[in-house]
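Here is a short walk through a protein chain. Keep the sequence and the 3D view side by side as you read.

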Amino acid sequence: MRFIELIEKKRDGHRLNQAEITFFIEGTTKGTIPEYQLSALLMAIYFQGMDEEESFHLTKAILESGSVIDLSAIDGIKVDKHSTGGVGDKTTLALAPLVASMGAKMAKLSGRGLGHTGGTLDKLESIPGFNIALSETAFNQQVNTLGVALAGQTSDIAPADKLLYALRDVTGTVPSIPLIASSIMSKKLASGADVIVLDVKVGDGAFMKDIEEARKLSHLMIRIGEQYGKKVSAFLTNMSEPLGFAIGNRLEVIEAIQTLKNQGPEDFTNLVIELAAVLTVKAGLFKDVNAAKKEALNHLKNGLAYQKFEAFVAAQEGDLNAFDALEVGASTAIYADQDGVVSQMATLELGLRSDASRRRSTNQRRPD
Ligand code: URA
């Protein structure tokens, strides 16, 4: 098979078959296809799309490029959550301990920030000592005893996605429905959970700017998950303004803590409660969403969710006293010079500023 034929086929709007998609992903993982050809195919997919069957084959090939986590040592139904990436999105920090306090088993692998969207690992690492490198045994044991563990995604999970994502990031081919769906679902399926809730962000600060596109993405991811016997639900949530008030790793951890004490911003608190309710109902812990929502709110009010967060951080060697002792940078209030209503926010720009300042502080450079 010659790779140029795949590029031409997709460029001209034709379907790729399973053998061709497997060839593409195996060649990516083994490094036998040059990046300029991979980039050309990604651009052709960006413009011509892929149908559902191609997207299934792509997900399967990316999933099979690495290993699949075996969570069978954890008792009960395992739950997971994924966000397509937003600005100020600290949902996992509050959701994971909340659902664990409600009896769920949250076995979560997380990633670093992508482009203008922050990553859960970076946020958690703003807590001094927090260890994201758990061994498989320690991870499974912690989920069994505490109900929650969060570790960094290892390089053997969907390695083809890592390589392709890096190319997509610098070739303007991230916002493609089949590419996003296969990227996310290959990693979720490799992570081994039984119940998955997807938080699909829509708006200026999201990869999906348009609600219809976000809906198509959600349906595709649900169908991919169902093919593998998983219970998948998707929420479309607003990213036309940052979630909550805080953007930036440490500030977002502070806001998640406030939310776990029921003192967080309304939009963020509501989102966390909604997601917790669906996850726990699908895991069979509550009869209906209303009962689960009521219990989730109770756990924010009665301290159980925050206690679970403290235990989770301590189990992963994080030091909350040292975190509290860190200085918060100076803040400046900027007032409007006339009365009015904020009708829209440049969310993407806010995310890019935060990404730029994070890269400055860690000396990383993003390729142009
Ligand atoms: N998050 C992912 O993991 N992959 C994408 O393609 C987009 C968001």
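Glu317 is exposed, because its relative accessible area is 53% and the cut-off for exposed is over 50%. Keep in mind that this model is predicted. Glu317 sits in the loop between α14 and α15 (320-325). Its backbone deserves a look: phi is positive, about 70°, although Glu317 is not a glycine. Most residues other than glycine have a negative phi.

Ala158 also has a positive phi without being a glycine, with a value near 40°. Find Ala158 in the loop between β3 (148-152) and α8 (159-171). Is Ala158 buried or exposed? Ala158 counts as buried because its relative accessibility is 2%, and buried means under 20%.

Now step back to helix α14, which spans residues 304-315. Ala315 belongs to this helix. Ala315 is partly exposed, at 39% relative accessible area. Leaving aside residues up to four places away in sequence, Ala315 touches Gln142 and Leu146. Asn131 is 184 residues from Ala315 along the chain, yet their C-alpha atoms are 9.0 Å apart.

Next, see how α14 meets another helix. Two packed helices are described by the angle between their axes and the distance between the axes. Helix α5 (residues 91-101) packs against α14 at an angle of about 110°, and the axes are 8 Å apart. The two helices, α5 and α14, are therefore roughly perpendicular to each other. On the α5 side, the contact is made by Leu93, Pro97, Leu98, Ala100 and Ser101. On the α14 side, Leu304, Ala305, Lys308 and Phe309 take part. The residues of this contact divide into 7 nonpolar, 1 polar and 1 charged.

How many residues of α5 are buried? The count is 11 of 11, so α5 is mostly covered. Among the buried residues are Thr91, Leu95 and Val99. Leu93 and Pro97 of the α14 contact are on the buried list too. Just after α5, Gly103 takes a positive phi of about 105°.

Finish at the ligand. Which residues are closest to the ligand? They are Tyr165, Arg168, Ile180, Ser183 and Lys187, out of 10 residues that surround the ligand. In Arg168, a side-chain N or O atom is 2.9 Å from an oxygen atom of the ligand. Ser183 places a polar side-chain atom 2.7 Å from a ligand nitrogen atom. For Lys187, a polar side-chain atom lies 2.5 Å from an oxygen atom of the ligand.

Key. Residues numbered from 1 in each chain as written. Predicted model: local features only at pLDDT ≥ 70, side-chain atom pairs only at ≥ 80, totals over all residues. Heavy atoms only, no water. Helix = DSSP H or I, 4+ residues; strand = E, 2+ residues; numbered from the N terminus. Buried < 20%, exposed > 50% of the residue type's maximum accessible area, 1.4 Å probe, protein only. Contact = heavy atoms within 4.5 Å. Axes fitted to C-alpha atoms, helices over the stretch in contact; angles between N-to-C directions. Parallel < 35°, antiparallel > 145°, perpendicular 65-115°, else oblique. Nonpolar A, V, L, I, M, F, W, Y, C, P; charged D, E, K, R; others polar. Near = heavy atom within 4 Å. Polar contact = N/O pair within 3.5 Å; in protein donor to acceptor, adjacent residues only side chain to side chain.
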